Every structure is written in C-alpha cells, then in structure tokens.
Amino acid sequence: MTNQPLPTAPLARYLLHLADDQLVMGHRNSEWTGLGPILEEDIAFSSIAQDQVGHALAFYEYLNQECGLADPDQTAFNRPESLMVSSWLVEQPIGDYAFSLVRHWCYDQAVYLRYESLSQIQDPALQALATKLRGEVKYHTFHANTWMKSLLQGSEESRLRMLTALKEVWPMALGLFESWSGEKALMEQVGHAGQPWYPGERHLQQHWQAGALESLVLWSVDVEALGLHKVEPVLGGRQGYHSEHLASMLEEMTAVFRLDPQAEW
Amino acid sequence: MYGGGYIPAGVEETKAQAESPELLAQFEARITRGEKIEPRDWMPAVYRKQLIRMIEQHAHSEIIGALPEGTWITRAPGFRRKLALMAKVQDEVGHAQLLYSAAETLGKKREDMLNDLINGKSKYSNVFNYPAETWADVAVIGFLIDAAAIVNQVANSKGSYGPYCRALERICYEESFHLKQGHSVFVWLATGTPMQREMLQNALNRWWEPIMHFFGPSDTMSQHTETLMRWKVKMATNDVMRQQFLNIYVPKIWDLGLSLPDPELRKDESTGQWLFTEPNWDTFFKVINGDGPCSRERLAVRKVAEERGAWVRAALRRADARYATPLA
Ligand SMILES: [Fe+2]
Ligand SMILES: [Fe+2]
C-alpha cells in the first residue's frame, strides 16, 4: 500500500473526491453486468459504469501529472481505506434495482452540477476535460430521469419500491455534499470568466436538492410525507471514514494486484 | 462468445416434404442460389424450429457467458484491464440482445426463451459451466474461447437466415476486439513473472478439455446433419471447425512456451490434420444435461436475476411495449 498522504492543495483534494466517487460508483454499477432486470439495463448500467471508471482515470491522470500524486493504478488501487475520500452513497452495495436506480439518479445529477462548475475553471486542460465529461453525464441523467419516471408511475409495486429506495438513498445523497477543509480556499479561486468557479458544497447541495425535489413533485411524489425535507445527511466519507462496505470492496479490487506486487498485469 | 457448433438433433426431411413439396423446392432453390430467407418468407416448420433452437442457445450462451467473466470486472488489475473487460462483457450481453431479437423474428418471445433457459428446457454452451478461478482464466476465456466462438460465428454468418446472419456480422466485428484483448492479457501473463506463467499454465490445463468439447462431438458420432447443411443452418461440421481452430491457435500457444495437456496433440504434416486424444464425450453429455461443475450455480444466478427483475418488467409492461422491436 502506498501511504502517501492525501493532497493538501485544495484543488487536488477536490479532484480526488470526484475521482474516488467515480471509481467506487463505477465499480458498483458494473456489478449489474449480467444481472439486470432486462438486458437493456445491464447494458445501460455497464455503459454508465465504464464512463465513471473512465472519468476517475482521467482525474487520477491529472492528479498524477499536475499535482504530484502516484500513477493512476497506484492511487486508485493501492490506498488504504482511511485514505479513500469517496462518499458513503457510492460504496453501498447495489441492493435491488430501485436502490441502484435512485442512487444513480441522485448521484449523476450531483456530478453534473460539479462538472458544470468545474468547466468554469481557469486551467484550460481541466476546463476542457470537465466540459467533455459533462456531455457524457448528461446522458446518464437522461437515462435516470426516464427510468425514475417510468417506475414511479409504473405499477403499485414499482412505485412503492421506488419510494422506499428514495427514503434509503436520500440521507447518503445529501452526504455527497459534505463540507471539507479546503472548501473556503477553493471558493476563492477565480475561474476563466473572472468569477469564482466553485460555489462550495452548501450551495451545490441546495441547487441539487431544489432540482431533485422539483422532479419528484412532478412525478407526484409527496416529498413531505416521505420526510425528505427533514433528513440528516450521512457524513464522513470525505475524511476517510467509511461504512463497512468499502473495505471489502477495496479488498476485491486489489485481489489480483496483491498476488505479486512485482508483476505487471 | 458463442455456444459452439453442437446442434442436438438432425432434421426429419420428410416432415418438410409433407408441408408442401413445391414450396420446399422453391425454398431450397433460393438457398442454393445464395439468397437469404427473411422472416415473412415461407420456410419449413422444422427449419424454423431448428433455427429458433440454435439462435436461442447462442443467445443464452452470451448472457450465461457474461457471468464467469463478469465476476472478474471488480477484480481486474488496473484501469486498462478493467475498462477493457467491462466493455467486453457488455458486448456479450449486447450480443444476447441482438440474438434474442433475431430469434423473435421466428416467432418465439424473448421472455419465453429466458424462461426456457431457467427451467432447463433450452441449453447453452457447455464451456460456461466451468468456473473462472483466477485472473488467468479470464485470459484463456478471452483469447481461446472467444477465438473458438469466432470460428463458429464466422461460419454461421454465411448461413441462410437473414436476421441471424446480420446479427452475426455485427457480433463478429466486436468479437475481433475481444480476441485482441484476450490475447493481450494472455501474452502478458505468459511473458510475466514465474507466478503469472504458472497461473496461466494451470488455467490452460483446466480449460483444454472444455475447449476440445466446444465444437461438439466428432462428425462420426453426431446424428446426420446433411439437411441442415444443405439448408445452410449448419455451415461447417464440428470436425472441420475444430481443425480450423487447432490449426491457428495451438502454434500460438506453443510459441509462448506453454504446453497443452495432451501428449498426442500434433499436426500430421502429410494430411494437414491435427491429431489429438479424443476428449471424454461422456463428460460432455453429462455437462450438457446439467451436471457440470457450475451448471446449477449459473442457472441459479440467472434465475435470481430474473426473479429480482420481475417487478421492473411488470411495471414496464404497463407503461408500453418498446422492447419488442427486432434490432437486426
Ligand atoms: Fe466475445
Ligand atoms: Fe459474444
């Protein structure tokens, strides 16, 4: 294991949040391969998973080249759990399809907002990257919206399952916007239009929540009856504090690597 | 990936004769001229039945085949391997989707096919009833099983049923990438550390018999397939395909300094034919009939997936019927 400390530069740290989230989320989504409720959804979740792992790689590459972190394979697959800064939401097992779908819907909309803001940054390379990746995530959100609507308005059973999943996912979705130590400094960074590009977690969360609740109301979900407005976020991920699920996942991810540390694969 | 050239039964030509001798003559003449048969064209009932069985088995093999490799996605070492494997397994599921659509054009619904898979009425390729124990198994599957599948699918893509041929053309195009990727993992292990080589050699030893089984029993043991060949349902005999495979891939394996667990395996230079120890066909039939090392597990996983997804499909049935259109 590399015990290289977490980056202290605010931008590097922020990108590491993004990268770790995408890596872990991509892994979870890939677990639907071969097991989806219909073949089309196996394929869709696999596409999304590939995008996510690909995005993680892009950010780890940037962190390697511009911020002095180890190479992407080392950074991604050779870090102890306590140095992973992914959120609780992404590390949870896939659950039933309703859970995975609601998570996907919450998560990708949040990623979309982050990419939108990141595409305002001064660094042209990162700006271009964020713009490109945002285009891919746009499709994820289309996919999630279509399915949320179909299953919330499908049958009695599907609606009930979706509502249950919403209650389960919501606190962890709020946890995506955990505040972190470099936040203030990053909020002061000026973007390419002369304005700050990063609005901070609180603002991102409000923006995300407003959009999500609006959609739910449109799909006739009684968000107050569900109690979504008075939910406490699940925090800790950005500080390396995780649920029991991340450790076993990391163990699986690194199982082959660990067979022979000298080998190349 | 594909389920091998094994078609369980011959065709009773007399039944086709009884339907309509004239239509049968026209049908056969079209096939002889190299024309494709399309969904709305007249075809003998036995032709339809045989094709459904074959395409359905092929489709099942693709989704069941996604399971052993799929379990290695989360364990794949490093970004390059992981992303390639994810895309590969996704392709295989996509192949199933294309093939079910092709079979649907012959009148059997996807849901019925999936039910027949789960209840054991319909088969899939034997090779997927073996476990993928190590990362080297991923190499052997991706390189050699996909290679064997390509031999089979390229042959079948020249068959007589239009929708199946078109699906296969697209599938073969994607399979060529799988082969490249499998070959890369394979070579990397073969030229790696002693541990990696040993892992690969062990996987190769384990997989050799299933690979020899892949194309089905020798033509001398199979029921007669002349009618199927004349109707271009079956395009090459099991022995011909096995020989083609051995001829291309055994030298590649030997060149890497690996061995194969058959002391008799060699090419007879005077005939150009490969000689080998006949694999145990009793094992083959035992596995086909549901007694392979992973047969129960594979079907159980598939069954759980179907059951867990039932509520989603039920909700969609209410919404619309958008998944019924053929794709190829
Ligand atoms: Fe393949
Ligand atoms: Fe395939």
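What percentage of the 265 residues in chain A is buried?

**Entry 1: conventions.** I noted that this is a predicted model, in which local features need pLDDT of at least 70 and side-chain atom pairs count only at pLDDT 80 or more, while totals for chains, interfaces and linings use all residues. Residues are numbered from 1 along each chain as its sequence is written, chains are lettered from A and ligands numbered from 1 in the order in which they are written, and side-chain values use heavy atoms, with hydrogens and water left out.

**Entry 2: chain A.** I looked up burial and found that 58% of the 265 residues in chain A are buried, that is, under 20% relative accessible area, with over 50% called exposed and anything in between partly exposed (1.4 Å probe, protein chains only). I then recorded eleven helices and zero strands in chain A; helices (H or I, at least four residues) and strands (E, at least two) are DSSP runs, numbered from the N terminus. The radius of gyration of chain A is 18 Å, close to the 18 Å that the globule rule gives for 265 residues, so chain A is as compact as a globular protein of that length. That radius is taken over C-alpha atoms, and the rule is 2.2 Å times the number of residues to the power 0.38. The C-alpha atoms of chain A fill a box of roughly 55 × 50 × 30 Å along the principal axes.

**Entry 3: the interface.** I found 51 residues of chain A in contact with 43 residues of chain B, where contact means heavy atoms within 4.5 Å. The two chains, B and A, bury about 4000 Å² between them, and 69% of this lies on carbon and sulfur atoms. Buried area is the accessible area (1.4 Å probe) that two parts lose on being put together, summed over both. I noted that T74(B), F79(B) and W311(B) supply 22% of the area that chain B buries against chain A, more than any other three residues.

Entry 4: I located E56(B) in helix α3 (residues 45-70) of chain B. E56(B) is buried, with a relative accessible area of 4%. Beyond four places in sequence, its contacts include K108(B) and D116(B).

I located F27(B) in helix α2 (residues 21-32) of chain B. At 2% relative accessibility, F27(B) is also buried. Leaving out residues up to four places away in sequence, F27(B) touches I37(B), W42(B), M43(B), P44(B), Y47(B) and W231(B). From F27(B) to R318(B) I recorded 291 residues in sequence and 40 Å in space, C-alpha to C-alpha.
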